[in-house]
Each structure stands twice: as C-alpha cells, then as structure tokens.
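Open the model in your viewer and keep the selection tool ready. We will go from stop to stop.

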Amino acid sequence: MGSYIKNLMIAFDRLGNALADGDPDATVSGRTGHFAETATGPRGSFWRALAAMIDWGFLPWDGPDHCARVARAERALPHIQHRPGSDPARVLLLLLAMPVGVLAGVSGRLLRPANSA
C-alpha cells in the first residue's frame with residue numbers, strides 16, 4: 001500500500017508540474033531544484049525561495065536538500081527537459097506547491113518522531 005500511495009503522489013506531482021508548463025515527466029521538486037541551481041537574478045531568487053519552502057516541507061519525510069537530490073536524479077533521465085515556464089506558469093507552480101509543502105511539513109512534524117527524519 002505504501003508504494004501505491006507514493007506512486008500516486010508522484011503522479012499528482014507530475015500533473016502539477018505539467019499544469020504549470022513544465023515537463024510532464026518531471027516533478028515540481030526536480031524542476032525547482034534544477035532552476036534553484038542554474039537560474040540567476042530575480043528568477044534565481046524565486047527558484048531558491050521555492051526550493052527552500054519545498055525542502056522545509058519534505059524535511060521530515062525525505063531529509064535535507066530534497067529538491068537538489070530530485071533534480072540530480074531527474075538529470076540522469078535524458079528524456080526530461082526542464083523548462084522554467086512563463087511568469088504566470090511560475091505563479092501557478094507556487095500556488096500548487098505552497099499548500100502541499102506546508103501540509104507535508106506540518107504533518108511530518110506532527111506525525112514523525114524528531115529522531116526519525
């Protein structure tokens with residue numbers, strides 16, 4: 001049952017990324033981690049802030065540097081082509097990622113013992 005739920009979460013993650021003008025085979029975390037590392041200027045600041053929020057949310061579940069690790073894993077898949085998307089697409093990405101990150105972070109901190117992260 002655990003792998004089914006994990007696969008379902010990844011499918012929703014990819015759907016959210018595709019809705020926000022990203023590669024439908026990539027995740028929000030992978031896209032965010034990729035551009036947090038490569039983008040510069042104000043857009044780089046956006047991606048790094050989004051990565052920090054997502055990383056905070058997934059820290060109890062997946063440990064530190066979630067976005068960077070997912071980005072590295074997705075870079076190994078040659079069919080994935082990360083694209084930043086337009087400004088409205090990035091706003092949509094933020095609106096999709098923010099509640100998920102907060103929910104994951106709060107639930108992870110309430111449900112998991114402090115020493116199990």
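Helices here are DSSP runs of at least four residues, numbered from the N terminus. With that numbering, you can find the loop between H4 and H5, where Ile80 lies. Keep in mind that this is a predicted model.

**Stop 1: Ile80**

Select Ile80. Is Ile80 buried or exposed? Its relative accessible area is 8%. Buried means under 20%, so Ile80 counts as buried.

**Stop 2: the aromatic rings**

Select Phe35, Phe46 and Trp47. These three residues form one aromatic cluster. How many aromatic pairs does a search of the whole structure find? The search gives 2. Zoom in on one pair, Phe46 and Trp47. A pair of aromatic rings is described by the distance of the centres and the angle of the planes. For Phe46 and Trp47, the centres are 5.1 Å apart and the planes make an angle of 75 degrees. This pair is edge-to-face, because planes over 60 degrees apart count as edge-to-face.

Trp47 has a relative accessible area of 1%, so Trp47 is buried. Phe46 has 23% relative accessibility and counts as partly exposed.

**Stop 3: helix H5**

Select residues 87-111, which make up H5. This helix has 25 residues. From its first C-alpha to its last, H5 reaches 36 Å, close to the 36 Å expected at 1.5 Å a residue. Colour its buried residues: Ala89, Arg90, Leu93, Ala97, Gly101, Ala104, Gly105, Ser107 and Gly108. Which helices do they pack against? Show H1, H2 and H3, and you have the partners of these buried residues.

**Stop 4: the largest pocket**

Now display the largest pocket. Its volume is about 1000 Å³. Of the 31 residues that line this pocket, the closest to its centre are Met9, Ile10, Asp13, Phe58 and His66. Helices H1, H2, H3, H4 and H5 each supply at least two residues of the lining. Which helix gives the most? Select H1, which contributes 9 residues. Finally, colour the lining by type: 19 residues are nonpolar, 6 are polar and 6 are charged.

How values were computed:
Residues are numbered from 1 along each chain as its sequence is written. This is a predicted model: local features need pLDDT of at least 70, side-chain atom pairs count only at pLDDT 80 or more; totals for chains, interfaces and linings use all residues. Side-chain values use heavy atoms; hydrogens and water are left out. On a 1 Å grid over the protein atoms alone, a cavity is a set of points where a 1.4 Å probe fits but cannot get out, and a pocket is an open set with protein on both sides within 12 Å along at least five of seven lines; lining residues have an atom within 4 Å of a point. Grid points are joined across faces, edges and corners, and a volume is the space filled by probe spheres set on the points. Ala, Val, Leu, Ile, Met, Phe, Trp, Tyr, Cys and Pro count as nonpolar, Asp, Glu, Lys and Arg as charged, and the others, Gly among them, as polar. The expected span of a helix is 1.5 Å times one less than its number of residues. Buried means under 20% relative accessible area, exposed over 50%, partly exposed in between (1.4 Å probe, protein chains only). Contact means heavy atoms within 4.5 Å. Rings of Phe, Tyr and Trp (its six-membered ring) pair if their centres lie within 6.5 Å; planes under 30 degrees apart count as stacked, over 60 as edge-to-face and the rest as tilted.
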